[in-house]
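Hello,

Here is the structure we spoke about, with some notes to read alongside it. Please open it first and keep it in view as you go.

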Amino acid sequence: HGIVEDSGTVIARLPQPVSLALRSTFQETMSKYPLAPPVEILDTCYDLSQYQNVTYPNILFLFRGGTDVSLDQSTIMSVHKSSFCLAFAEKERTSDFTIIGSTQQQALNVFYDLKGGKIGFGTKGCHN
């Protein structure tokens, strides 16, 4: 029902049903790694201190009209001391829009077509 792209919001905020589905699927995929306590608003955290190589599941933003944006692995997790947390949080109040935060935007180029009322994404952002 809508997306807000906000560079002032660090962590992506998802409506509750979307957040629950992402968290459940992510935890299922990452089940071989030990969970760590939540860190503030981040409730899906892992202790990855004993692992040299960790591959996270692919996360896509699917947009109406058939556009898919695959997130860079570096924008999926947020590091807090020894915890690695899924960089997505559930929105505090019930609403049906998503906020794409600056963490997810770091590896994207964002293009604005103000006259046409469109936005586009490229995959060679600040990390590349």
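This is a predicted model: local features need pLDDT of at least 70, side-chain atom pairs count only at pLDDT 80 or more; totals for chains, interfaces and linings use all residues.

Pocket

With those names in place, α1 and β5 each supply at least two residues to the lining of the largest pocket. The largest share comes from α1, which gives six residues. In total, 24 residues line this pocket, and Leu14, Val18, Phe61, Leu62 and Thr98 lie nearest its centre. The pocket has a volume of about 530 Å³.

Aromatic rings

There are five aromatic pairs in the structure. One of them joins Phe61 and Phe88 in an edge-to-face arrangement, with 6.4 Å from centre to centre and 70 degrees between the planes. Phe61 belongs to strand β5 (residues 60-63) and Phe88 to strand β9 (residues 88-90), so this pair ties together parts that are 27 residues apart in sequence.

Are these two residues buried or exposed? Buried means a relative accessible area under 20%. Phe61 has 13%, so Phe61 is buried. Phe88 has 4%, so Phe88 is buried as well.

Ring pairs also link Phe61, Phe63, Phe88 and Phe121 into a cluster. Elsewhere, Lys91 lies over the face of Phe97, at 3.2 Å from the ring centre.

Nonpolar cores

The largest nonpolar core has 20 residues, and those that touch the most other members are Phe26, Ile59, Ile76, Leu86 and Phe88. At least two residues of this core come from each of β2 (12-14), α1 (16-29) and β5. A second, separate core has eight residues, among them Ile11, Leu42, Cys85 and Ala87.

Which residues is Phe88 in contact with, leaving aside its neighbours within four places in sequence? They are Ile11, Ala12, Leu14, Leu22, Leu42, Ile59, Phe61, Leu71, Ile76 and Gln104.

Cavity

The structure has one cavity of 30 Å³ or more. The largest cavity holds about 40 Å³ of space. Its lining is made up of Ser19, Leu22, Arg23, Asp43, Thr44, Leu86 and Phe88. The most is given by α1, with three residues.

If you look at one residue, take Phe88: Phe88 pairs with Phe61, is among the core residues that touch the most other members, and lines the largest cavity.

Regards

Terms used:
Residues are numbered from 1 along each chain as its sequence is written. Side-chain values use heavy atoms; hydrogens and water are left out. Rings of Phe, Tyr and Trp (its six-membered ring) pair if their centres lie within 6.5 Å; planes under 30 degrees apart count as stacked, over 60 as edge-to-face and the rest as tilted. Helices (H or I, at least four residues) and strands (E, at least two) are DSSP runs, numbered from the N terminus. Buried means under 20% relative accessible area, exposed over 50%, partly exposed in between (1.4 Å probe, protein chains only). A charge sits over a ring if NZ of Lys or CZ of Arg is within 6 Å of the ring centre and within 35 degrees of the ring normal. A nonpolar core is a set of buried Ala, Val, Leu, Ile, Met, Phe, Trp, Tyr and Cys residues joined through side-chain atoms within 4.5 Å. Contact means heavy atoms within 4.5 Å. On a 1 Å grid over the protein atoms alone, a cavity is a set of points where a 1.4 Å probe fits but cannot get out, and a pocket is an open set with protein on both sides within 12 Å along at least five of seven lines; lining residues have an atom within 4 Å of a point. Grid points are joined across faces, edges and corners, and a volume is the space filled by probe spheres set on the points.
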